[in-house]
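Student: I have a structure to look through. Could we go over it with some questions?

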Amino acid sequence: MDGDRIEEATLANSPVDEISHLALDIGGSLIKMVYFSTGSEQSTDKTQKNSSKDSHGVSGGNKHRNLLNGRLYFLKFETSKINECLDFIQSKQLRCRGVQHCGFPASDKNIIKATGGGAFKFADLFKEKLDISLDKVEEMSSLVSGANFLLKAVPSEAFTYVNGQRNYVQIDHNDLYPYLLVNIGSGVSMIKVDGDGKYERVSGTSVGGGTFWGLGKLLTKCKSFDDLLEMSHQGNNRVIDMLVGDIYGGMDYLKIGLSSTAIASSFGKAISENKELEEYKPEDVARSLLRMISNNIGQIAYLNALRFGLKRIFFGGFFIRGHAYTMDTISVAVDFWSKGEAKAMFLRHEGFLGALGAFMNYKLVEEFTNSNPPVGDLNDNGIIECCVQVSS
Ligand SMILES: Nc1ncnc2c1ncn2[C@@H]1O[C@H](COP(=O)(O)OP(=O)(O)O)[C@@H](O)[C@H]1O
Ligand SMILES: CC(C)(COP(=O)(O)O)[C@@H](O)C(=O)NCCC(=O)O
């Protein structure tokens with residue numbers, strides 16, 4: 001399992017035998033998992049049969065429907081280590097004393113909602129190893145339903161990042177659309193969202209998270225994504241980037257709005273200096289790379305927002321990782337290009353939009369109880385409390 005130690009701690013406390021529905025987003029780099037758990041023994045106390053005015057009961061024709069209080073849990077694995085994901089699901093399945101016990105139809109047990117390219121690529125593997133069929137959910141539609149769910153259900157989900165400060169944004173449900181969703185995964189998809197299920201993928205770029213991680217690995221020889229991010233944190237991009245001041249003899253080029261410290265050419269200094277790669281500090285290389293990619297995505301996002309007159313841009317995907325410098329660069333790029341007109345916003349469950357969207361496809365979630373996880377990164381606490389509806 002990927003090194004989210006706090007998520008693991010959460011898991012350790014989580015009621016492993018009560019897992020019911022689980023959804024996956026199998027991407028080019030990471031597998032994201034969302035699952036619902038009712039929470040150990042108390043679940044049966046909380047499970048309430050439909051009855052007249054019971055706030056947890058829903059009347060549905062002749063059917064009885066139960067509402068179960070529980071939590072959505074979030075986990076991720078590296079796609080290249082898919083066996084860890086399979087082992088995890090297998091261990092949960094063995095311990096799931098039943099789907100029946102949780103009130104879910106047994107037939108659901110061997111079908112998992114899954115999105116992302118891996119839902120196609122690894123379908124046979126899931127069937128062979130776990131006898132599980134992947135019920136494929138379209139990737140863009142999953143991203144959109146995941147984002148819409150979060151923006152409506154979780155009060156402190158979206159935030160701006162300005163001058164090193166997170167400012168949480170209250171979303172008015174009646175004024176959410178339209179917005180631009182920029183998902184920075186291995187590659188980048190830009191989606192104009194006009195409502196629930198109403199969206200259009202308007203652009204994308206192959207220069208995304210996979211580029212940062214792939215090039216970063218080659219150039220710095222670092223072993224993990226987190227190391228690369230940490231290095232970028234320590235580095236100084238001015239060592240490698242050619243700045244406007246480097247070209248203009250230390251002066252600003254104000255006529256076209258460029259200060260002397262603006263990057264004129266990413267990695268441009270490497271042309272004239274007679275240095276080998278080894279002579280640059282890996283930290284500086286990582287910093288220039290992160291800045292180049294974040295800036296580029298911020299700019300393309302802004303241009304697409306401009307194309308469609310969108311004022312709000314939400315950035316998701318695991319490239320961001322709640323990383324200060326990444327968010328700062330993207331925010332500055334959007335602010336700079338839009339002259340302050342458009343706002344870059346980030347999502348606390350950034351990387352789980354697709355997996356959540358696939359989960360939403362079960363059409364179970366009925367209401368959100370205390371669905372506002374404590375403010376902080378998802379790594380601190382990504383659980384969302386909610387109430388799901390089941391028929392019996
Ligand atoms: N632990 C990690 N291992 C690999 N990549 C990571 C990790 N954490 C963040 N990333 C970044 O997130 C990107 C993948 O983001 P994600 O939204 O999961 O996309 P995908 O669906 O393509 O896997 C990677 O390309 C990398 O830039
Ligand atoms: C193909 C993808 C939708 C796959 O999603 P991912 O696994 O990267 O999250 C994405 O990588 C993408 O949008 N790439 C950019 C392709 C382009 O528009 O040029």
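Tutor: By class, the shell around ligand 2 holds two nonpolar, eight polar and two charged residues. Here Ala, Val, Leu, Ile, Met, Phe, Trp, Tyr, Cys and Pro count as nonpolar, Asp, Glu, Lys and Arg as charged, and the others, Gly among them, as polar. This is a predicted model, in which local features need pLDDT of at least 70 and side-chain atom pairs count only at pLDDT 80 or more, while totals for chains, interfaces and linings use all residues. Residues are numbered from 1 along each chain as its sequence is written, chains are lettered from A and ligands numbered from 1 in the order in which they are written, and side-chain values use heavy atoms, with hydrogens and water left out.

Student: Which element gives the most to the shell around ligand 2?

Tutor: A residue belongs to the shell if one of its heavy atoms lies within 4 Å of the ligand. Elements are DSSP runs numbered from the N terminus: helices (H or I, at least four residues) and strands (E, at least two). At least two shell residues each come from α7 (139–153), β10 (188–195) and β11 (198–205). With three residues, the element that gives the most is β11.

Student: How much of ligand 2 does the protein bury?

Tutor: A polar side-chain atom of E139 lies 2.9 Å from an oxygen atom of ligand 2, and a backbone N or O atom of G28 lies 3.3 Å from an oxygen atom of this ligand. Accessible areas come from the Shrake-Rupley method with a 1.4 Å probe. Taken alone, ligand 2 exposes 470 Å², and the share of that buried by the protein is 62%.

Student: And how much of ligand 1 does the protein cover?

Tutor: Oxygen atoms of ligand 1 lie 3.2 Å from a polar backbone atom of G28, 2.9 Å from one of S29 and 3.1 Å from one of G210. On its own, ligand 1 has 570 Å² of accessible area, and the protein covers 94%.

Student: Which element gives the most to the shell around ligand 1?

Tutor: Two or more residues of this shell come from β2 (30–37) and from α8 (209–220). With three residues, the largest giver is α8.

Student: R321 is among the residues that come nearest to ligand 1. Which side chain does the side chain of R321 make a polar contact with?

Tutor: R321 is found in the loop between β14 and α13 (324–338). R321 counts as buried because its relative accessibility is 16%; buried means under 20%, exposed over 50% and partly exposed in between, with a 1.4 Å probe and protein chains only. A polar contact is a pair of N or O atoms within 3.5 Å; within protein, one must be able to donate a hydrogen and the other to accept it, and residues adjacent in sequence count only if both atoms are side-chain atoms. At 3.2 Å, the partner is D226.

Student: Is F314 buried or exposed?

Tutor: F314 sits in strand β14 (residues 312–316). Contact means heavy atoms within 4.5 Å, and F314 touches residues including L151, I171, Y179 and M345. Because its relative accessibility is 0%, F314 counts as buried.

Student: Why do the buried residues of α6 lie on the same side?

Tutor: In helix α6 (residues 123–130) the buried residues are A123, F126 and L130. The arc is that of the directions from the helix axis to the C-beta atoms. These residues are on the same side of α6 because they cover an arc of only 80°.

Technical notes: Lists of a residue's contacts leave out its neighbours within four places in sequence.
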